[in-house]
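The entries follow the order in which I looked.

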Amino acid sequence: MDTPAFLADAPRFVFFTGKGGVGKTSVACASAIALARGGAGVLLVSTDPASNIGHVFDTTIGASVTAIPAVTGLSALEIDPHQVAAAYRERIIGPVRGLLPAAEIDTITEQLSGSCTTEIASFNEFTALLDPSATQFAQFDHIVFDTAPTGHTIRLLQLPGAWTEYLRGSGDASCLGPLSGLDAHRETYSAAVRALTDPALTRLVLVARAQDAALREVARTYDELTDIGVEAGHLIINAVLPQSDTDPLAAAIARREDAAIAAIAAMPATLAELPCDRIPLKPVDMVGVQALGTLFDSTTTVYESTDAVEPHLEPAPLAALIDELALDGHGLIMCMGKGGVGKTAIAAAIATALAARGHDVHLSTTDPAAHLADTVGEGPATMQLSRIDPVEATERYRQRVLRSRGADLDEQGRAALAEDLRSPCTEEVAVFQAFSRLVHESRRRFVVVDTAPTGHTLLLLDATGAYHREISRNLGADRGFTTPLMRLQDPTQTKILVVTSPESTPILESVELCADLERAAITPWAWVLNNSLAAAHPTDALLRARAATEIAHIDAVATRYSSRYAIVPMLSSEPIGAVRLASMTGEVDIEPLRRPLEC
């Protein structure tokens with residue numbers, strides 16, 4: 001195995017971050033293996049709410065340190081949001097259980113059931129790993145972090161500073177329990193800030209694909225991290241396709257990747273000057289120690305598959321699903337799934353096609369890293385674009401609360417209210433309210449929502465469920481009411497599309513997403529298999545080898561997971577602009593797509 005430059009003289013903490021779907025988990029797992037095989041003691045940690053490192057190593061990994069049997073010196077840990085949140089609640093509620101009335105205990109439990117509590121509980125686990133006095137991790141020479149997709153990671157890394165600032169304020173309590181309880185963690189939070197901003201202790205590696213969107217995301221990430229004092233040390237361009245002169249699809253992808261990589265030179269000078277490693281695309285899924293051991297090996301041989309890659313698939317165009325969606329005339333359409341599978345493009349293609357049919361459409365995103373305008377370009381005049389920006393939504397919410405609840409307060413009361421609204425927990429409420437407005441709007445028009453990657457979306461649904469329980473408790477079962485959760489549960493009002501790609505890890509995560517949705521009594525309406533090489537019929541040896549691995553996954557979706565699905569082939573050009581989006585759906589009449597877009 002070749003040792004890549006970004007692992008040379010690795011410090012104690014190595015973070016891998018980037019846009020969803022760029023291969024952070026694969027790179028982080030392969031890096032942990034390389035460091036362990038070099039004789040170091042390594043702990044691999046996932047901070048992703050939808051972690052899949054257990055699947056990658058075929059080992060059950062949870063909230064406790066677990067040795068990886070196949071690699072001497074390597075252990076792993078998943079910061080499971082639900083487990084750590086349950087333990088956090090118990091630490092607060094346990095001491096008063098039996099001392100307070102049951103009804104009051106139930107109220108406290110409900111107050112601590114939101115995604116904000118989950119976030120802070122996970123954050124406490126994260127900061128403990130960065131604490132130099134944490135003896136339970138002293139045996140490890142390196143701690144490698146496989147982080148959540150960019151927006152969630154930025155939030156996680158910002159929290160040490162956010163909570164440090166919050167603890168400097170005043171107030172009696174927050175939604176996280178007594179302020180004194182938070183104050184006890186002051187030094188831990190400060191130590192986390194010092195570790196994150198010390199290049200001798202922490203190396204942050206930005207991972208991207210050779211795609212315009214992924215590289216733009218890397219540039220934004222670099223700027224945001226620099227603003228909070230975290231310096232990136234390396235850039236990785238992952239899964240680069242070798243040049244091909246025989247396959248038009250492979251040649252087009254290679255040209256597109258070369259152009260994207262060349263554009264790095266035009267990015268901010270500090271980013272362009274980062275050491276950059278390119279990792280070639282491999283012919284197999286990065287699942288298992290043997291496959292991961294080839295990721296940094298430049299001598300890997302591509303074997304031509306002897307299996308037929310002409311998949312004999314029944315036609316399953318996205319246009320057929322859109323025809324069925326259009327029959328409703330209005331409603332909420334949510335595209336969910338793992339980062340990097342193309343949710344934004346699929347949501348934009350569906351919204352554009354519905355608008356081209358003359359429907360009133362609102363296309364929105366809850367993904368902090370998504371940029372719909374870049375994807376849609378010019379489109380139908382009957383389509384509106386928006387984005388639930390957490391910062392903007394939180395500021396609007398703060399101002400609204402200050403105007404309403406603060407109107408009758410004296411100066412001291414308004415100051416206390418303003419201080420309480422500076423808590424990072426305020427964002428949870430603000431984003432939920434913005435999402436609720438979209439749900440309500442779908443009663444009269446089509447609202448297509450491009451959601452954040454899976455873990456972040458589940459936290460949003462947790463908030464929706466908490467609000468539903470609160471309304472139910474306050475109004476009682478005999479009162480008529482409709483909450484956003486009830487609309488999500490009603491298939492006549494909401495259509496959930498699980499967007500994935502025909503690869504092992506995205507399919508697994510999609511299955512787990514469906515299980516989470518079913519527990520909330522939400523049933524997915526359809527699956528969309530995006531970027532299918534098998535459906536694109538490549539002739540290049542490397543692409544044929546990868547296409548061959550898709551067949552079993554496509555069959556599994558068709559026969560086990562969903563009776564309604566669509567397959568979107570890999571395109572030779574990125575799906576940007578209304579006409580290219582139409583090619584994803586199989587639309588023939590593209591003239592309605594050429595009209596100016598109204599935002």
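The entries below go from the whole protein to single residues.

Entry 1, basis. I am working with a predicted model, in which local features need pLDDT of at least 70 and side-chain atom pairs count only at pLDDT 80 or more, while totals for chains, interfaces and linings use all residues. Residues are numbered from 1 along each chain as its sequence is written, and side-chain values use heavy atoms, with hydrogens and water left out.

I found 24 helices and 17 strands, taken as DSSP runs (helices H or I, at least four residues; strands E, at least two) and numbered from the N terminus. Of the 599 residues, 55% are buried, where buried means under 20% relative accessible area, exposed over 50%, and partly exposed in between, with a 1.4 Å probe and protein chains only. Among contacts with a separation of 6 or more, I noted that 76% join residues 24 or more positions apart, a contact being heavy atoms within 4.5 Å.

I noted Asp-9, whose phi is positive, near 50°; Asp-9 lies in the segment before β1 (13-17) and is exposed, at a relative accessible area of 76%. I also noted Asn-531, with a positive phi near 55°; Asn-531 sits in strand β16 (residues 526-532) and is partly exposed at 30% relative accessibility.
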